[in-house]
Amino acid sequence: MMASSYNAKEDGHVTVPGGGTIQNKKPDNTAFKQQRLPAWQPILTAGTVLPAFFVIGLIFIPIGIGLYVTSNNIKEFEIDYTGTDMSSPCFNCSQSFSWNSTRPCTCALPFSLEQPFESNVFMYYGLSNFYQNHRRYVKSRDDSQLNGDTTSLMNPSKECEPYARNEKMPIAPCGAIANSMFNDTLDLYYIDPNGTRIQIPLMKKGIAWWTDKHVKFRNPGGNPNLTSAFQGTTKPINWRKPVYELDTDAENNGFINEDFIVWMRTAALPTFRKLYRIIQKKNNMTPTLPRGNYTLEVTYNYPVRSFEGRKRVILSTISWMGGKNPFLGIAYITVGSVCFFLGVVLLIIHHKYGSRNNTADIPN
Amino acid sequence: MTLFGLDCAKKKERELERKLRANDREHNLSFRYATNAIKTSKYNAFTFLPLNLFEQFQRIANAYFLILLLLQVIPAISSLSWFTTVVPLVLVLSVTAAKDATDDINRHRSDNQVNNRKVTVLMDGELRSEKWMSVQVGDIIKLENNQFVTADLLLLSSSEPLNLVYIETAELDGETNLKVKQALTVTGDMGDKIHSLAAFNGEVRCEPPNNRLDRFTGTLTNAGQKYSLDNNKILLRGCTLRNTEWCFGLVLFGGPETKLMQNCGKTTFKRTSIDRLMNVLVLCIFGFLAFMCMILAIGNRIWEQRWGSEFTAFLPRQDGVDTPFSSFLTFWSYVIILNTVVPISLYVSVEVIRLGNSFYIDWDRKMYHARSDTPAKARTTTLNEELGQIKYIFSDKTGTLTQNIMIFNKCSINGKCYGDVFDYTGQRLEINEHTETVDWSFNPLADHQFSFHDHSLVEAVKLENVEVHSFFRTLALCHTVMAEEKTEGELLYQAQSPDEGALVTAARNFGFVFRSRTPESVTIVEMGKQRSYELLAILDFNNVRKRMSVIVRSPEGKLCLYCKGADTMVYERLDQSCTKLMDVTTEHLNEYAGEGLRTLALAYKDLDEEYFSRWKQRHHEASTALEDREDKLDLLYEEIEKDLVLLGATAIEDKLQDGVPQTIEQLAKADIKIWVLTGDKQETAENIGYSCNMLREEMNDIFIVSANNPDDVRQELRNVLSTMKPGAEEEAIFMPERTLGNKPKVVRDEEVNGEYGLVINGHSLAYALEHSMELLFLRTACLCKTVICCRVTPLQKAQVVELVKKYKQAVTLAIGDGANDVSMIKAAHIGVGISGQEGMQAVLSSDYSFAQFRFLERLLLVHGRWSYLRMCKFLRYFFYKNFTFTFVHFWYAFFCGFSAQTVYDEWFITLYNLVYTALPVLGMSLFDQDVNDMWSFQHPSLYVPGQLNQYFSKTAFFKCALHSVYSSVVLFFIPYAAMYDTVRDDGRDIADYQSFALLAQTCLVITVCIQLCLDMSYWTAVNQFFVWGSLAMYFAVTFSMYSNGTHITFPASFPFIGTARNSLNQPNVWLTILLTSILCVLPVVAYRFLLIQLRPTINDKVMFKVRQAKATPPLPARRARMRRTSSRRSGYAFSHAQGYGDLVTSNHFLRRPAITRSTAFTPLGRTTGFSPMGRSAGYSPTGNALNSRPQEVEVTSLQMYRMVRDSAF
């Protein structure tokens, strides 16, 4: 300490006897160094706080009403086909499920729509109590492999364990997410008033994000022949067919199969819905789904009963704010009203007690 | 060795005795004594990395993150990628390492500089120039004038007669007067004869290295003869040789074993109370973290049992992990995820903020002293916020409150008062630097640095007013000052005390020039005519007599006694005829005392020749008496000093530093207690207490404790206490026991009606500080508005500080300028050194230094307050921001199967603290100010919240945490509800994990930004830039990380491709963000607004007032110079205890020819022409500057006297 002090003294100024000083160590006179930067000093006064509350209230309430009305105008129909109930047509399928059965189990669920669904109708499958957001589940994929990287195709990442390899063969696509892909087939039939079943055409393209379909997911190699591209890999254990046979359409096969892509976009919450098919609007004259009776035909492949899961099919129209969700509208209305109310309360308090904030009683 | 009959093999690890032989390196090397090289640096190029890392990981936070890092390596636990911890940790480590490296490089540099100084060493029979570091124990070295002493030496011989050397010990103990050391005759006889020195083979046996500066024991054995050695023959490293052409010394201790180095010890690392609080909080946070992880681990166990075991179809368990083990792993996984509650960047940010605020102190022009060209300097960069919490200030007096300059200010001669300036209407004018000063051109011998404003006095002198002449003749004759006249007309006075110098200088300027003295005569120049008075007797000053007289015979042969002394003393001895004059003069004296001036009364008496010769005879007898000499002399003095004729009175101003009373007043308004601890005597200290407005006439009582034994002291203290607060002794004085920690009891603050002052003497203080009495003393002292401790030793100063620190939960500050203040400066929480007055000792051990006491006001009320405010705002906000960030994970755990899944993208977690939120909060903590400096001065009570720890405490922390809980609930559940089962406006997915993560993190970033804006009260452009820049940065980084390019390059690291594009174009996402952020902020606004309305704090009020005033505040009204009407009489002015009368009249004092090569000595920075002895100015211990100093301190006869007298030390 003392020795280092020699150094500290080194920079001491030298006073010349009888004269001035050699150096001038006067600090610079800049606004920054003197802490005089020009600044705006807002404080919470009645003049700013109260109007803010009223304005927020006045803005939020109409927004909320708009959102609420929009959400209410969306038509949504939901049908649970898990088959936990004895009365459900799918009860048998759900009971007799086995991963290795070769004979698909089908069940048909009749339902009727009270109101016609205008414009495009979106068909979702919904799963409940399905922890797609479990940490180990979320991790269990290899994005390089899905992006068409041939090295990763043959050497899946360790994250995919225990679904990285099956009998020494690399699994494509590897991991628990891919392995557990939703594989029920859902078909929709309109029961004509005269009793004929008309299958409703379901679009299976355009259900995934564009970025996923075109950037994130790519088939390995530039090889248009997927069979050879996936040569040397094996299908995920739970799958019935290999990844290159997911669809016949080359644009929707392999890793870029949209059903697969949609599944791979894991849900944030254990209850979720995923877009399954789109029912395109035919023309302006007839509603996409007129009111009447329908049948949902399910090829029941996907077991959820063991973990108390639920499977649903949702038919829904959409609006500018997406699907049906009244929460935002209600929340906006509530917050807006509370704001307004608070504004009034604060105004009263300010009038009653605000005078305490006078400056007369500052000590000194 | 055989000589002592000891075997060197017996030498133990710890040296018990030092043995060495001169000029025998081989022999001395066998003991392996330290060489003269010193090393204060910690690392070298190779050891830096391992050592520094080792040190850094000893800090709890760093070690914690290292453990986290290790946890993350375990795949089963790893819930976050390694980079989330590594990136911040590496950043933190490297910033700290860089700082340590620069510090160490500086130490290396200073070590090198010191080690490479040159010194002449006697080797192999010839003198060689060697580096300091190669000097070894047993070497004989030659020192020349003004050189630093290289090592601890045994003085062998010197160029001066009687083998004396003169040294200055400023660097060791801060005393700047010269001390004398004398070599043994046996070695001194060698002189500078190289061959005999080279042949010298004396053996020294002495004490082992220790740190006692004032003691040394040892023996020298030379040629069979044994000589004892004491401290008087030792030159210590760090001293400087003065007025000695050369000397030879034998090295006894080198480098680290020298007393100087042994003395520096380890400076204790000071920590602020916020630091300590932070440590406690971090521990609490650890506990809380463990608690949260426990809950989540239990949740995991339940989940695994109910659902997880069934979910294995889709998500198989890892090998060998069963339910309990899984919950164990989850615990650790959550420890990793929730690690951000103990934010690693907190410590770095705190350091940065403190550094920034230290720079502001260095940069402040208002704390720059132009005359000495000294800016304020924050020497420690880690204590800033503590400056905003000071409760007690311990101040030195001389050099700190006062300038140690005495100025002849006024006088009263024959009932007429001189010194004030009146305008033509008869109004007294304020004297300032523009007031016209008296022109001294009539007097060629005048000292032109002396200024006086009242022309009438000069007129009176010129008109040969008899009384005025006698008055100044008294001043010119009655003193013990020495004069030196280097060249014709250039007089230099050497005075024992500055007051005496001031008086003689005043007489000099008014035409009564004291020119020279011999033991028998005093020569003065009276109005141009030189006259020599025969000096017949000096009736010397002492503390009891409080006066001094001289008896002289004028050239005309008239005998006269001149006397000056304390007015009370002189008045008792006045002649009846003076009654009328006494009344007038008393009035003047009261007036002077009221202005805080030191007064003296002057009187004279014509003596009868016959009577005097008789008296002289008795005096001679008395002074040669063997018994009761003092008493007999006193009686004689008493006898002759009577029936005096009053001449008048002088008033000397003990010049306060600029602005001291105002500063003290301001600090008192800020509820800071100021205790003055001074080595001065009671009267002087009291006087200063009055003049800086610490003691006031209006005070209810001023107690003086000066008893000489413990019982009396206790009784006096008790009396004081019961006077102030009857029945106080029975009261419980301790704070209720605190649950946490085993701290000693804390004395609570007490209130008392009325204002009291306490003056306590050093010897009483010694008893009061004893264990049995310290509490009584502390209570008594704390009840008083002002406490002055006089005649205290440096150690007592530190003890007082320690006492307050021990029992009071308060932050202390010690301010001083001299080496005697070092202990106190080191003991207090914050030490402030006044630079540019005395040696550098105080400054070097201080935490802050500046040139003037008055800058303390700005340091505390502006810089300290702002630093504290900023630090607290920073901590509150920082904890809020990190808790909010972290708690969201906690809520999410309930929806992801307690699987330790994060809510946010891992990159966001990595960058959140470092990139997205770092700068805005730094900007706030560097620029924020509630009100500007002018308003801070206007309302010193703005300082009080800091003393009471109001801005950041455990309660405030708890409130932060609650606020965070609320925010995190909003931040999780609003997006949750808004996204539940929702889809995009084209029917596709938006409730997926990635979109949800993006939504949550966007809400978070925006919310914390808005919260910051709410907290910030000073919006500069930089702040705006940081806030908007950080938001822009967030979106830019997010978009680029989620872009096609990054994904294609690193598909595995950036899986969030397209998330930003796909969700941020959705109106409902933005509506959710808006709702979330408004909902987070609204309650805060409402709550704060309510607080301002219902319970406004002092800050709120002042800020509101500022808002109303809009414009800049009016300049603080120029306070008029404080005047008091006082009946108090100031004591005798002289600050010394015993006069020099013996010396002046003795024929024995040594004379030395003046050193011819020296040039004229110009006193620096002094207004009067005498050179202060005790506390000299301008000493700089820097090697180069000093050695090249053109002039040397002349050894005056006075100094010689001192040396002879002080040679006993």
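A:F260 touches A:L146, A:P173, A:A178, A:M181, A:F217, A:W239, A:L246, A:G254 and A:F255, leaving aside residues up to four places away in sequence; contact here means heavy atoms within 4.5 Å. This is a predicted model, where local features need pLDDT of at least 70, side-chain atom pairs count only at pLDDT 80 or more, and totals for chains, interfaces and linings use all residues. Side-chain values use heavy atoms, with hydrogens and water left out.

**Nonpolar cores**
- A nonpolar core is a set of buried Ala, Val, Leu, Ile, Met, Phe, Trp, Tyr and Cys residues joined through side-chain atoms within 4.5 Å, and buried means under 20% relative accessible area (1.4 Å probe, protein chains only).
- In the largest nonpolar core, of 211 residues, those touching the most other members are A:F130, A:F260, A:W263, A:L296, A:L315 and B:L875.
- Helix α27 (residues 855–893) of chain B gives the largest share of this core, 18 residues; helices are DSSP runs (H or I, at least four residues), and strands are runs of E, at least two.
- Because domain 1 (46–73 + 322–349) and domain 2 (77–317) of chain A both give residues to this core, it lies between them.

**Domains of chain A**
- The bounds of these domains come from an automatic or database domain assignment.
- The centres of domain 1 and domain 2 of chain A, taken over C-alpha atoms, are 40 Å apart.

**A sheet in chain B**
- Six strands form an open antiparallel sheet in the order β3-β2-β4-β13-β5-β11; two strands pair if DSSP finds at least two bridges between them.
- Strands β5 (residues 152–158) and β13 (residues 246–253) of chain B pair over six bridges, with B:D152 opposite B:F253.

Conventions. Residues numbered from 1 in each chain as written. Chains lettered and ligands numbered in written order. Buried < 20%, exposed > 50% of the residue type's maximum accessible area, 1.4 Å probe, protein only.
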